[in-house]
Amino acid sequence: MPGEDAMADRSIRRLEDSIERDLSGLSYGGYLALDELLGAQRPLTDHHDEMLFIIQHQTSELWMKLAIHELRAAIRFVAADDLGPALKCLARVKHIQQQLTSQWSVLATLTPPEYAKFRGALGKASGFQSVQYRLLEFLLGNKNAAMIEVFRHDPAAQATLQAALDAPSLYDEFLRHLARRGYPVPAEVVERDWAEPYVEHPGVVDVLAQVYTDPGAHWAVYETCEELVDVEDSFQMWRFRHLKTVERIIGHKAGTGGSSGVSFLRRALDLTFFPELYTVRTEI
């Protein structure tokens, strides 16, 4: 009957008595600082699609912040020879990377004419200048001292990057862990200038070949190796989707920050964080 339907509708809409209505204390919006967070999107033009561009990059920075948080914890755990918690952190990093990669499909809905309407307002601003992206690269082992100079306008950022440059990366700590466990990792690998880029060493390939030849006898190390490969694979997928999204939107134009654009991004695909973990596959 119509009256019964109306009563049912009112019943569904009625709030449960136990739901908190006094939000004068700590609330959802207050805890998450939503006024500040949702007020941080400040387009420089009145073009509709600039909001997409801003949110895409802001959310990427938030995910990168969490990835950095997890990677720093993973490095500490490996340095303490506690692989279990480190693997949990790396598993979370992989899921964060999946979020970062899938976001490119949203930005890819931005067409060349739409981007052209507000690109000029960006000036020299570019993702190349992301401090957090550079920090991620350093934590994973892609050290490049020349990048420190790019952030001379921001002493705090420079200090953060310099500290990461001078410290062992995730892979460095993993190799040091292997050495402490009695694996014959070459001494020049576990004690070196951490600010220098890591260079593949045949002695490390031999150690990993031992692990991969008999995974059961080296299970914790073997599992960690595969987790590291997963992380690198996910990072490369992120790089590739970035490249293809940029190519789709601006073709082969130079980047706003002065890079060669797609060509610059394509060269990054040849970089590897954990080289011996790929070389050893040829040896098996």
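The model is a predicted one, in which local features need pLDDT of at least 70 and side-chain atom pairs count only at pLDDT 80 or more, while totals for chains, interfaces and linings use all residues. Residues are numbered from 1 along each chain as its sequence is written, and side-chain values use heavy atoms, with hydrogens and water left out.

The protein chain contains 15 helices and zero strands; helices (H or I, at least four residues) and strands (E, at least two) are DSSP runs numbered from the N terminus. The radius of gyration, taken over C-alpha atoms, is compared with a globule rule of 2.2 Å times the number of residues to the power 0.38. The value for the protein chain is 24 Å, well over the 19 Å that the rule gives for 284 residues, so the chain is more spread out than a compact globule. Along its principal axes, the C-alpha trace spans about 80 × 50 × 35 Å.

Among the buried residues of H7 are Tyr133, Arg134 and Phe138. Contact means heavy atoms within 4.5 Å, and the buried residues of H7 pack against H4, H8, H9, H10 and H13. Just after H7, glycine 141 takes a positive phi of about 120 degrees.

Arginine 239 lies in helix H13 and glutamate 137 in helix H7, so the pair ties together parts that are 102 residues apart in sequence. Arginine 239 is buried at 5% relative accessible area, and glutamate 137 is buried at 3%.

The structure holds 13 salt bridges. Another one joins lysine 94 and glutamate 227 (3.1 Å, N to O). Lysine 94 lies in helix H5 and glutamate 227 in helix H13, so this pair ties together parts that are 133 residues apart in sequence. Lys94, Glu227 and Asp230 are linked in a network of salt bridges.

Technical notes
Buried < 20%, exposed > 50% of the residue type's maximum accessible area, 1.4 Å probe, protein only. Salt bridge = Lys/Arg side-chain N within 4 Å of Asp/Glu carboxyl O.
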